[in-house]
Amino acid sequence: MDYQNDFISLSRKELVKIMKDAMSQRRYRHVLRVEKTAIELAEKYNIDKEKVSIAALAHDYAKEKPDEEMRDLIISENLELDMLQFGSNIWHGPIGAVLMKNEYQLEDEDILEAIKYHTIGSPTMGEIAQIIYVADYIEPNRLHKGVDKARKLAEKDLSATVAYITRQTLKHLIDRKNKIYPKAVETYNAWVVEK
Ligand code: FE
Ligand code: FE
C-alpha cells in the first residue's frame, strides 16, 4: 500500500523499517499480521485503510523499550501516574502514541487513540481504535480461549466484537487473579454491561 495522505511524513516502507528495527523479529511478524488483519477489517467496514495501516504498524512500537525509559516518559509526558503501579503491558500503548507523535510528528487523533488504547480499550474508542483492538486479538497466530468466536463475530459486527474481547480479557485476568488496570474496567462498563 502507498500512503496518499499526510497522516505521517513517512512511506509505508519507511514505517515498516522503523518497526523492524524497534523490536524482535517475533514481535515484528505479529505487527505485520495485525496490519493485514486490520486492513481486511477496514475493507469490510469501509474504514480508512491508510489510517488503519499506520496504527497497526505502530501499535507495539514501545513494547520492547526499557522499563526505565517508559517510567521516565510517564512522568515527563504527564501521563496517568497510576500507570506506574502497573507494567509495560499497560504502558506501551500510551507511550507508543507519545513516541510516534514526538519522533515522527504523527498528529492524527484517530491513529494516536488507536495506538494508545489498543491494550486496555476505552469507553469512547472510534472505528480505527476498535479495528486495532480487534485485530491485535484475532490475528492468525493468536490462540486465546474464544478467539474463534471473536473471529466469527468480527465478520459481521465490529462493536459486538469489541464487547466480546473486552469481556474475555477481563475474565482471563480475574481467573488468573491478575491485577486489573482501572481504565480497563471503564472499558468493560461502557462496552459490555447491558444497559
Ligand atoms: Fe500491544
Ligand atoms: Fe500487539
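The model is a predicted one, and I read the contact as computed from it.

I then placed the two residues. R27 sits in helix 2 (residues 25–45) and E64 in the loop between helix 3 (49–58) and helix 4 (67–76), so the bridge ties together parts 37 residues apart in sequence. I checked accessibility next. R27 has a relative accessible area of 15% and is buried; E64, at 34%, is partly exposed.

I turned to K51. Its salt bridge partner is D110, with the closest N and O atoms 2.7 Å apart. This pair also links distant parts of the chain, K51 being in helix 3 and D110 in helix 6 (residues 109–116), 59 residues apart. K51 counts as buried at 12% relative accessibility, while D110 counts as partly exposed at 35%. I noted that D108 belongs here too: K51, D108 and D110 are linked in a network of salt bridges.

I looked up E80 and found a salt bridge to K183, the closest N and O atoms lying 3.2 Å apart. I recorded E80 as partly exposed, with a relative accessible area of 42%. K183 is partly exposed as well, with 24%.

Notes:
Residues are numbered from 1 along each chain as its sequence is written. Chains are lettered from A and ligands numbered from 1 in the order in which they are written. This is a predicted model: local features need pLDDT of at least 70, side-chain atom pairs count only at pLDDT 80 or more; totals for chains, interfaces and linings use all residues. Side-chain values use heavy atoms; hydrogens and water are left out. Helices (H or I, at least four residues) and strands (E, at least two) are DSSP runs, numbered from the N terminus. Buried means under 20% relative accessible area, exposed over 50%, partly exposed in between (1.4 Å probe, protein chains only). A salt bridge is a side-chain nitrogen of Lys or Arg within 4 Å of a carboxyl oxygen of Asp or Glu.
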